[in-house]
Amino acid sequence: MFLGHFGVALAAKPVAPRPSLGTTIMAAQWADGIWPVFVLLGLEHVEIAPGVTRVTPLDFVSYPYTHSLVADIVWAALFALVYGSVRKDWRGAFWLAVLVLSHWVLDVVAHRPDMPTWPNGPKLGLGLWNSVPATLVVEFALFGTGAWLYARAAPARDRLGNRLFVTFVIVLPILYLASVFGPPPPSERALAVTGLLGWLFVAWGYWIDRHRVRAA
Ligand SMILES: [Zn+2]
């Protein structure tokens, strides 16, 4: 899942107005944000295997530290604890924990049964990725709903706030469609390095949010 994670990060605005969009993206994408680091360190493993699902050519051989339910519960708690103690916004902290965990839930929907419950535990996956049309419907529905909720809850404060947001909701789907319909990545290492670029969207989220109306 890709756009869907951004969808829930955007959708958090009405219920958790204080965390920046950058922070909610970081939370919803946490597992994928740290995953490239674990792959590059050789602690988690992925193989490029075109055909493994219709949508993605990636075979997630092992990713217990970033994508198991138990690990994600720990990450969610840590994320909420750090944010809550720094910002003294425990309501926001709660929703950030929900966002970190939402990543695991959405990935279970999308992935084939490769999502560990705990390291070496049983693996789950509903396999949405076996259907390209169904995947696109779910990804775009989540992203579109999230974008609409965010835009309503945090109107643009200036012209830049509008432009940054509109570019964001156009560029992300384009990159997503390019990854779905484009060629598979040339190597696992290249995939991991490109994966780190995902952090740019966190930065973009912070930039957007500074130019949107801040709720109390
Ligand atoms: Zn993921």
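Contact, as I use the word today, means heavy atoms within 4.5 Å. Keep in mind that this is a predicted model.

Start with helix H1, residues 3–11. Which residues of H1 meet H8? They are Leu3, Phe6 and Leu10. On the H8 side, the partners are Phe165, Phe168, Leu172, Pro173 and Tyr176. By class, that contact has 8 nonpolar residues, no polar and no charged.

Now the geometry. Two packed helices are described by the angle between their axes and the distance between the axes. For H1 and H8, the angle is about 155° and the axes are 10 Å apart. Angles over 145 degrees count as roughly antiparallel, and H1 and H8 are therefore roughly antiparallel to each other.

Next, helix H7, residues 132–153. H7 packs on H8 at about 170°, with the axes 12 Å apart. That pair is therefore roughly antiparallel as well. H7 brings Val132, Thr135, Leu136, Glu139, Phe140, Phe143, Ala147, Tyr150 and Ala151 to the contact. H8 answers with residues including Phe165, Val169, Leu177 and Phe181. The classes here are 15 nonpolar, 1 polar and 1 charged.

On to the rings. The count comes to 16 aromatic pairs. Take Phe2 and Tyr176. Their ring centres are 5.9 Å apart and their planes sit at 5°, so the pair is stacked. Why does the pair tie together parts that are 174 residues apart in sequence? Because Phe2 lies in the segment before H1, while Tyr176 is in helix H8.

The largest pocket holds about 1,200 Å³. Its lining has 44 residues, and Phe2, Leu58, Ser179, Leu191 and Gly195 are the closest to the centre. Which elements each supply at least two lining residues? Helices H2 (21–28), H3 (30–40), H8 (159–181), H9 (188–196) and H10 (199–210) do, and so does strand E2 (58–62). By class, the lining divides into 28 nonpolar, 12 polar and 4 charged residues.

To close, two links. H8 packs with H1, packs with H7 and supplies lining to the largest pocket.

Methods:
Residues numbered from 1 in each chain as written. Predicted model: local features only at pLDDT ≥ 70, side-chain atom pairs only at ≥ 80, totals over all residues. Heavy atoms only, no water. 1 Å grid on protein atoms, 1.4 Å probe; cavity = no way out; pocket = protein on both sides within 12 Å on 5 of 7 lines; lining within 4 Å. Points joined across faces, edges and corners; volume = space filled by probe spheres on them. Helix = DSSP H or I, 4+ residues; strand = E, 2+ residues; numbered from the N terminus. Nonpolar A, V, L, I, M, F, W, Y, C, P; charged D, E, K, R; others polar. Axes fitted to C-alpha atoms, helices over the stretch in contact; angles between N-to-C directions. Parallel < 35°, antiparallel > 145°, perpendicular 65-115°, else oblique. Phe/Tyr/Trp six-rings, centres within 6.5 Å; stacked < 30°, edge-to-face > 60°.
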